[in-house]
Amino acid sequence: MTLDLFLEHVKERKPLDTTDIFRFMDKMSDEARRITFELNGSYHTQEEVRELFSRLFEKPVDPSFRVFPPFYTDFGKNIIVGKDVFINACCHFQDHGGVTLGDGCLIGHNVVFATLNHDFNPEYRASMTPAPIVLGKKVWVGSNSTILQGVTIGDNAIVAAGSVVTKDVPANVIVGGIPARFIRNIEERMESRDSIHTLEHAESIGAGSQKYELQKIDSDIKPEHVRSEYPFYI
């Protein structure tokens with residue numbers, strides 16, 4: 001088994017269930033852990049971190065790519081990252097099935113990407129089935145979230161902290177929970193914040209109380225409510 005053959009195999013989502021495949025996965029795991037141990041074991045500049053990731057991925061990473069170690073993977077050869085991607089500390093990438101992070105993605109602490117699944121039948125439980133995870137542009141995944149195999153997350157979407165994402169997420173929405181469910185559209189959130197900024201500005205310049213009260217009723221949300229919700233997505 002070679003890397004090219006393995007990548008073609010998982011691209012077709014074929015089961016990982018042969019001795020040859022298992023031996024190859026063990027070999028790749030050893031190589032990945034050798035590099036991640038070096039990455040996680042001492043301080044490195046961001047330039048040095050990118051050099052280590054280029055070795056891990058076996059392809060260059062963009063100069064804008066940033067990671068706060070530690071970082072964990074047992075493969076590392078099927079990860080694609082775009083420009084201006086940031087990965088926070090303690091993330092786990094099980095990338096055999098493929099993990100793609102589009103430009104501008106932000107990944108919070110302790111996020112898990114799991115691209116393998118085991119067979120439901122106990123007789124074949126050791127067999128694994130791969131499926132890719134794909135994040136579009138400017139996706140924000142909150143801390144302690146898990147993204148399961150076969151999931152695609154659309155551009156600009158937000159995954160709330162502590163979520164388990166089991167299904168595709170459309171662009172421009174916020175999802176959260178276990179399993180993750182739709183919370184609201186990003187546009188609604190932006191409109192609410194715009195209304196709040198208008199209220200705060202009106203208050204700061206001493207706008208008439210009648211006008212201010214009408215704006216408060218129309219927006220139906222107070223600035224402190226948004227501020228208290230905001231950490232939920234980190």
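**Close-up views of a predicted model**

**View 1. Lys14 and Glu12.** Lys14 and Glu12 are joined by a salt bridge in which the closest N and O atoms are 2.9 Å apart, and the model that shows it is a predicted one. Lys14 is partly exposed, with a relative accessible area of 38%, and Glu12 is likewise partly exposed, at 43%. A search of the whole structure finds four salt bridges, and two others are shown in the next view.

View 2. In helix α2, the side chains of Arg33 and Asp30 meet in a salt bridge of 2.4 Å, N to O, the two residues being three apart, about one turn of the helix. Arg33 counts as partly exposed at 35% relative accessibility, as does Asp30 at 38%. In helix α3 (residues 46–57), Glu47 and Arg50 are also three residues apart, and their side chains form a salt bridge of 3.7 Å, N to O; Arg50 counts as buried, with a relative accessibility of 14%.

**View 3. The buried face of helix α1.** Phe6, His9 and Val10 are the buried residues of helix α1 (residues 3–11). Seen down the axis of α1, these residues fall within an arc of 90°, so they line one face of the helix. Their cover includes α2 (19–40) and β10 (128–130), whereas the face turned away from the buried side carries the exposed residues Asp4 and Lys11.

**View 4. The surroundings of Thr115.** Thr115, in the loop between β8 (112–114) and β9 (116–118), is buried, with a relative accessible area of 0%. A polar atom of the Thr115 side chain lies 2.8 Å from the backbone nitrogen of Gly97.

Terms used: Residues are numbered from 1 along each chain as its sequence is written. This is a predicted model: local features need pLDDT of at least 70, side-chain atom pairs count only at pLDDT 80 or more; totals for chains, interfaces and linings use all residues. Side-chain values use heavy atoms; hydrogens and water are left out. Helices (H or I, at least four residues) and strands (E, at least two) are DSSP runs, numbered from the N terminus. Buried means under 20% relative accessible area, exposed over 50%, partly exposed in between (1.4 Å probe, protein chains only). A polar contact is a pair of N or O atoms within 3.5 Å; within protein, one must be able to donate a hydrogen and the other to accept it, and residues adjacent in sequence count only if both atoms are side-chain atoms. The arc is that of the directions from the helix axis to the C-beta atoms. Contact means heavy atoms within 4.5 Å.
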